[in-house]
Amino acid sequence: MTEKQRKEAEWENINVLLMMHGLKPLSLVKRTDMKENVDLIIFDKQLSQTMRENLKTMMEETSRQQNMIQELIETNKQLKNELQQQQSRAADQEQRANDLEQIMESVKSKIGEMEDESVNRVCQQQNKIKELQKEHKALQCGLPKWLIGKESTCLCRRCKRHQFYPWVGKIP
């Protein structure tokens with residue numbers, strides 16, 4: 001390939017890059033096709049080479065930036081999705097915590113009720129035990145059931161000493 005063909009191929013590659021980025025391609029005009037009334041820019045060999053390199057670098061950089069922008073857009077979408085998932089999880093966790101708190105309050109309330117019931121049962125049982133103990137002492141003293149609880153002190157010693165029978169009402 002001659003140098004002229006190589007340069008033309010480089011310009012064609014640059015034109016392809018320009019069109020890929022939505023720009024118009026450059027037209028190469030042969031010296032024989034030049035007209036005097038047409039606006040043209042003429043480059044010497046060195047400037048032509050520099051322009052091709054600059055255009056090529058600019059197009060490559062533009063492509064790189066577009067790829068980076070596309071990657072950033074995709075990353076942003078992923079981050080938004082992850083954020084929505086995290087917010088959804090957080091809302092679920094908050095709801096679960098509220099539900100557990102309500103359950104805990106319900107259990108505390110039930111425990112309090114059960115403790116109160118238990119204390120009441122214990123008090124009733126203690127009162128019943130006291131009554132039964134009084135009945136037992138009275139029966140040991142020989143008192144009839146209808147007199148049990150009428151007198152606060154046990155007459156056992158007095159009964160035995162004096163042989164007093166309170167249901168009879170007299171001392172023998």
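A: Start with contacts, defined as heavy atoms within 4.5 Å. Of the contacts in the protein chain with a separation of 6 or more, 39% are between residues 24 or more positions apart. The model is predicted, so local features need pLDDT of at least 70, side-chain atom pairs count only at pLDDT 80 or more, and totals for chains, interfaces and linings use all residues. Residues are numbered from 1 along each chain as its sequence is written, and side-chain values use heavy atoms, with hydrogens and water left out.

Q: How many helices and strands does the protein chain have?
A: Helices (H or I, at least four residues) and strands (E, at least two) are DSSP runs, numbered from the N terminus. Here there are three helices and zero strands, in the order α-α-α from the N terminus on.

Q: How does the span of H2 compare with the one expected?
A: The expected span of a helix is 1.5 Å times one less than its number of residues. H2 covers residues 45-141; its 97 residues reach 140 Å from first C-alpha to last, close to the 144 Å expected. Gly142 follows H2 and has a positive phi, near 95 degrees.

Q: Which residues of H2 are buried?
A: Buried means under 20% relative accessible area, exposed over 50%, and partly exposed in between (1.4 Å probe, protein chains only). In H2 the buried residues are Ser48, Arg52, Leu55, Met59, Ala138 and Cys141. Across the protein chain, 13% of the 172 residues are buried. Thr57, also in H2, is partly exposed because its relative accessible area is 48%.

Q: Which residues make up the largest nonpolar core?
A: In soluble globular proteins, nonpolar side chains tend to be buried together. A nonpolar core is a set of buried Ala, Val, Leu, Ile, Met, Phe, Trp, Tyr and Cys residues joined through side-chain atoms within 4.5 Å. The largest one here has six residues: Trp11, Ile14, Leu17, Leu18, Leu55 and Met59. Helix H1 (3-20) and H2 each give two or more residues to this core, and H1 has the largest share, four residues. Beyond its neighbours within four places in sequence, Leu55 is in contact with Trp11, Ile14 and Leu26.

Q: Is Leu100 buried or exposed?
A: Leu100, a residue of helix H2, counts as exposed because its relative accessibility is 53%.
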